[in-house]
Amino acid sequence: MESKPEVSKMKETIMSSSAMIVVSNRLPFILREAEDGTLHRKQCAGGLVTAVAPVVVESGGLWVGWPGMHLKDSNVAIPESDPEDLSPCAGLKSKQVVTVNMDKNTFDGYYNGCCNGTFWPLFHSMPDRAIFKADYWEDYKKANLEFADMTIRALELMYKERGNELAQADEAPLVWIHDYHLMLAANTIRQKAEEKNLRCKLGFFLHIPCPSWDIMRLFPWDDEILQGMLGCDMVGFHIEDYCFNFIDCCQRRLGCRVDRSNMLVEHGGRTVRVRALPIGIPFDRFKSLAASAPRTFSDSQQLILGVDRLDYTKGLVNRIRAFERLLEKHPEYINKVTFLQVAVPSRTDVKEYQELKEEMDMLIGQVNGRFTTPMWSPIRYIYGCISHEQLAGFYRDASVALVTPLRDGMNLVAKEFVACQTEEDPGVLILSPFAGSGAQMMEALLVNPYEIDDVAETIHRALTMDKDERRLRMTCLRRREKQYDVTFWLRSFLKEMGTLRREDGDQVRPTQLMPVSMADFDEYLRDYIKPTDRVALLLDYDGTLAPIAKHPDFATIPVETKRVLERLANVSSVNIAIISGRSLENVRSMVGINNITYAGNHGLEILHPDGTRFVHPVPSEYEENLSGLLRALQERCCRDGAWVENKGIILTYHYREVPIEKRPPLVAEARKLFTKFDFTPSMARCAIEARPPVKWNKGRASIYILRTLYGLDWQEGVRVLFAGDDNTDEDAMRMLKGMAVSFRVTASSSVRTAANRRLPDTDSVLMMLKWVERQMAACRARRNTPPTSGSPPPDGTKLLNFQMSMEEGEMEHIMENGRGRGRRPSPSAIEIVPEVPNGA
């Protein structure tokens, strides 16, 4: 252990190969207005500011955040730092600051309502304290949009000032988004940056715990939160447990493909890296402070220290009760041990925090009233802020540090205490395993803060621990924290983002998932589809079987996909239905495969393999309104590449080929025309559809097709796979929920879906079809293998042979009972059936 004071030395500044834009809820300083109306900076302390501010300054980067007050004028000049300021962000010029200013009511709903009232308790696994309010969520989305807009402004400023330099650089600017306040911002930043052709990399770091799936799912809009974080290229957490929680949430809630071993998540056509990056502290700075701090306690007293924000997650009440239990069980500590609890005020205007302060005041008063002697009080309580120098002195002089939160993202108090243990006779750290630091600092005495008696006995153990054990434990802790300090954390983040200028030779982990393979569908479907099952494949066309093209006529099925479909169409245990938004005749001609069911216009028209049809009736006035809408759209909205497709029952206005900047006015005008002719605009991918006012969609059409193929009891022994790529397919995914496995084919970064899984592209749909073909081939191979002489065939083989014998003659009898394979007994060319009820 060091016994001599040391002067803090500045470490080598970490250089980023990319210009950096940091986006956080608050700037690294807050603004305060003087009596004369002038603005002044008040510096903020913290590990993030200490580590990141010098890199932003050195790289000529920018910092986007709220200035700590609601500015009357958003364009007001930000003051420069005080010349005497020696803080890490002193060199941050006003031109490097982009302020986010928003309406007070919106900010209150965003910050106090959603961030602190919902996310803080929920992410700390205390859902009973969480407030779920739609208005707060709306304010949160507005605030994140404002932060995203200001980040785009920062990017534009950077490109304006350093355009040539950035154009020639290999690395795009790095946008680093921080914490639970801004979990939605990345998708908007990515989308707008692409629209404006502003290259950038996006990174995110969550400074609080990431809860498990069963907690995260309680939030009504959890999928939007997860997709917002996945808008980044890399998502960082403090420890691996949080990483695995996040990956599990992405797989189970979003249906993303994941790689747990390499911590990768596939979403929106991209692979997102998930990394454990434990934050550290400025170790040498605390060591230097401890060496020079004055002593405030006599050597005759052993000091037990707690330092926390006054927050219900910190376990302060449990801690006081544990100290009380210590004095009850070990009265020898009376007059010899003092417990100092420093509680920094937090959210003093919130009723819950006011009540916590009242409870703490009352409890401390009870303990002191019970055990105080004329010359000694057991608990000293400081409610307020103290200087870093005074805090370092407390850390150094403490015999025991109690860091026992009920839940905490990391908790740097434990690390600061270790850094300040510069004396020959060190103290002991008692640490909760529910803090992120508990996963690293294994030499501390780990204790469950809910176990009051155990905490009391652990304090007794720490107070009586022999010097050799204390020195051994503290030496190990200090060695680790010195190596993995805040500088190491920053270097690790930049390395994972690929923007560290000086590499140290270490290899970064894989950054890309392998393409979708058979093994993925083994995982998805092996427990659902067995080789002996009957399988129904319900498939969309555009974007599912055929890649999206600029014009529908160019969207053709790849040759290999068509061959697999042709082979599956001739397998007796497989039925295929193509359910498309195209007209019936168009989708039939585009696919061109016999022996499958075709459904056009989102299922309003259905053609069975034997030629029988189903056409849903529409109101007589519908066609007249449709004709009027067609003429109006052609006259007023068919320009700049936009055009109208008349599909008979459905009309679609396409604007995919319209330049992005010209789309908004065209779409707005088209929507007005839809409304004028009594149509509710149905938004599709770069298109608006006019549909008949009937309760029929792909979901009802899917149920109808399954009934046609297998009868009313189609759920018995039939395994259904549905794949689609847009919102019209969601109707089927919702209706088939629990009765099918559905896949949403999407490369979008933000899509709400009822599907079980997401697939990145049409190639992955082909892989799914190949997997089904392989399963069915296994069935045929088993069926064609003769049984061993003298032994009866297995039950499954008997059943299959029985089914085969029925296919020639007896199948007609089954057809008449509604069980025919794609055949209807009705003699009429057009069949009208009652609408399928929701509970079909």
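**Close-up views of a predicted model**

**Figure 1. Arginine 257 and its contact with methionine 514.** The side chain of arginine 257 comes to 2.5 Å from the backbone oxygen of methionine 514, a polar contact (a pair of N or O atoms within 3.5 Å; within protein, one must be able to donate a hydrogen and the other to accept it, and residues adjacent in sequence count only if both atoms are side-chain atoms). The model is predicted: local features need pLDDT of at least 70, side-chain atom pairs count only at pLDDT 80 or more, and totals for chains, interfaces and linings use all residues. Residues are numbered from 1 along each chain as its sequence is written, and side-chain values use heavy atoms, with hydrogens and water left out. Arginine 257 belongs to strand β9 (residues 257-259); helices (H or I, at least four residues) and strands (E, at least two) are DSSP runs, numbered from the N terminus. With a relative accessible area of 5%, arginine 257 is buried (buried means under 20% relative accessible area, exposed over 50%, partly exposed in between; 1.4 Å probe, protein chains only).

**Figure 2. The second largest cavity.** A cavity is a set of points, on a 1 Å grid over the protein atoms alone, where a 1.4 Å probe fits but cannot get out, and lining residues have an atom within 4 Å of a point. The second largest cavity holds about 70 Å³ of space, where a volume is the space filled by probe spheres set on the points, and grid points are joined across faces, edges and corners. Arg257 is one of its lining residues, and others include Cys256, Glu266, His267, Arg758 and Pro760. At least two lining residues come from each of β10 (264-267) and β29 (757-759). By class, the lining of this cavity has three nonpolar, six polar and three charged residues (Ala, Val, Leu, Ile, Met, Phe, Trp, Tyr, Cys and Pro count as nonpolar, Asp, Glu, Lys and Arg as charged, and the others, Gly among them, as polar).

**Figure 3. The largest cavity.** The model has three cavities of 30 Å³ or more. About 400 Å³ of space lies in the largest cavity. Its lining is made of 26 residues, and Asp542, His654, Arg656, Arg685 and Asp726 lie nearest the centre. The elements that give two or more residues to this lining are β23 (643-646), β24 (651-654) and β26 (687-690). Twelve charged residues line the largest cavity, along with seven nonpolar and seven polar residues.

**Figure 4. The second largest pocket.** A pocket is an open set of points with protein on both sides within 12 Å along at least five of seven lines. The second largest pocket contains about 1100 Å³ of space. Of its 33 lining residues, Gln191, Arg685, Cys686, Ser748 and Ser749 lie nearest the centre. Two or more lining residues come from each of α4 (185-195), α20 (663-676), β25 (682-684) and β28 (741-745). Helix α4 gives the most, with five residues. The lining has twelve nonpolar, ten polar and eleven charged residues.

Figure 5. The whole structure has 32 aromatic pairs; rings of Phe, Tyr and Trp (its six-membered ring) pair if their centres lie within 6.5 Å, and planes under 30 degrees apart count as stacked, over 60 as edge-to-face and the rest as tilted. The ring centres of phenylalanine 107 and tyrosine 111 are 5.5 Å apart and the planes are at 15°, so this pair is stacked. Tyrosine 110 and tyrosine 140 form a tilted pair, because their ring centres are 6.0 Å apart and their planes are at 40°. Tyrosine 110 is in helix α2 and tyrosine 140 in helix α3 (residues 134-168), so the pair ties together parts 30 residues apart in sequence. Tyrosine 110 is buried at 0% relative accessible area. Ring pairs link these residues into a cluster that includes Trp66, Phe119, Trp137 and Trp221.

**Figure 6. Serine 125 and aspartate 640, with positive phi.** Most residues other than glycine have a negative phi. Phi of serine 125 is near 60°. Serine 125 sits in the loop between α2 and α3 and is partly exposed, at 34% relative accessibility. Aspartate 640 likewise has a positive phi, of about 60°. Aspartate 640 is in the loop between α19 (620-636) and β23, and its relative accessible area of 35% makes it partly exposed.
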